[in-house]
Structures are given as C-alpha cells and as structure tokens.
Amino acid sequence: MREEVLNSILSELNGTSADIEASAIISTDGLIMSSLLPASMDEDHVGAMSAAMLSLGERIAKELARGELEQVLVKGASGYVIMTSAGNDAVLSVMCKSNARLGLIFLDIKRASEAIKPML
C-alpha cells in the first residue's frame, strides 16, 4: 500500500514537467524506497550516491553555518540532480534536463516532499 502511494507521488511529480526525467525516494542510508528511473540507471548507484551527497551537504551546511540543509543541487552538462529532504529518514532525488525551468520544478519538488513525509 505505502509503496503504491509513493509510486503515485513520483508519477505525479514526473508528470508535472517534461523537464523531469527521473525521480526516486531514497532512505538516508541509501536504500531505494520507490523510484521512477530509466532502465539504464542502476538503482543501487543512485541510492548510494544520493545518500553520500545528502550527508556531505548536511556537513557543509553545518560547518559553514548555513543552517539546516534544505537542498543539494548538482549541475552537469546534461542536466541537474536535485535532492531535497522528505522527512527525517528520506531524500527525494530528481533528475532534470539541462534547460529545465528550475523555479517551477523546485515548487513541484517541495509539494512532492510534503506529500511523502506523512507516508514515512
């Protein structure tokens, strides 16, 4: 039941913008809880890298006195990876195209993360 709801949230998120290519809900220890990833992406890799980046981001925010971590954004030549907290024990990771309208995507990600929190 919970997995179906999480998949539904991800499906709705991916449907809000053609610029969103993939998304996943990952536990803070790197385990995939739910995902809509292309077959070419290894779920275990995505989970492990997202957990590592989230941990590093939290440390950076703390060490540089930036307050509580809200988001990690990685920009590459082929697009963006945006990670945001989805409660205390999970992270929402979203992959977007390089020409994505980030303002709208940030809003959609925030809505999705708020919908995910009560499910965990």
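Helices (H or I, at least four residues) and strands (E, at least two) are DSSP runs, numbered from the N terminus. This is a predicted model, where local features need pLDDT of at least 70, side-chain atom pairs count only at pLDDT 80 or more, and totals for chains, interfaces and linings use all residues. Residues are numbered from 1 along each chain as its sequence is written, and side-chain values use heavy atoms, with hydrogens and water left out.

**View 1. The annotated stretch, residues 6-96.** An unreviewed UniProt entry lists these residues as "domain: Roadblock/LAMTOR2". UniProt positions follow the numbering used here, feature names are shortened, and annotations may be inferred rather than shown by experiment. Over residues 6-96 the chain is 34% helix and 36% strand.

**View 2. Helix H1 packs with helix H3.** Two packed helices are described by the angle between their axes and the distance between the axes. Here H1 (residues 2-15) and H3 (residues 102-116) pack at about 170°, with axes 10 Å apart. (Axes are lines fitted to C-alpha atoms, for helices over the stretch in contact, and angles run from 0 to 180 degrees between N-to-C directions.) H1 and H3 are therefore roughly antiparallel, a label for angles over 145 degrees. As for contacts (heavy atoms within 4.5 Å), Leu 6, Ile 9 and Leu 13 in H1 meet Asp 108, Ile 109, Ala 112, Ala 115 and Ile 116 in H3. By class, that makes seven nonpolar, no polar and one charged residues. Ala, Val, Leu, Ile, Met, Phe, Trp, Tyr, Cys and Pro count as nonpolar, Asp, Glu, Lys and Arg as charged, and the others, Gly among them, as polar.

**View 3. Asp 108 in helix H3.** Is this residue, Asp 108, buried or exposed? Asp 108 counts as buried because its relative accessibility is 14%. (Buried means under 20% relative accessible area, exposed over 50%, partly exposed in between, with a 1.4 Å probe and protein chains only.) Setting aside residues up to four places away in sequence, Asp 108 touches Leu 13 and Thr 16.

**View 4. The largest nonpolar core.** A nonpolar core is a set of buried Ala, Val, Leu, Ile, Met, Phe, Trp, Tyr and Cys residues joined through side-chain atoms within 4.5 Å. The largest one has 19 residues, and Leu 92 and Cys 96 have the most contacts inside it. Two or more residues each come from H1, strand S1 (20-27), strand S4 (79-85), strand S5 (90-97) and H3. H3 gives the most, with five residues. A second, separate core of 12 residues includes Ala 22, Ala 24, Ile 26 and Val 91.

**View 5. Ser 78 and Asn 99, two loop residues.** Ser 78 lies in the loop between strand S3 (71-76) and S4, and counts as exposed at 67% relative accessibility. Leaving out residues up to four places away in sequence, Ser 78 touches Cys 96, Lys 97 and Ser 98. Ser 78 and Cys 96 are 18 residues apart along the chain, yet their C-alpha atoms are separated by 8.7 Å. Asn 99 belongs to the loop between S5 and H3, and is exposed too, at 58%.

**View 6. Ala 65 and its positive phi.** Most residues other than glycine have a negative phi. Phi of Ala 65, though, is near 50°. Ala 65 is placed in the loop between helix H2 (43-63) and S3, and at 59% relative accessibility Ala 65 counts as exposed.

Definitions and conventions:
Angles under 35 degrees count as roughly parallel, over 145 as roughly antiparallel, 65 to 115 as roughly perpendicular and the rest as oblique.
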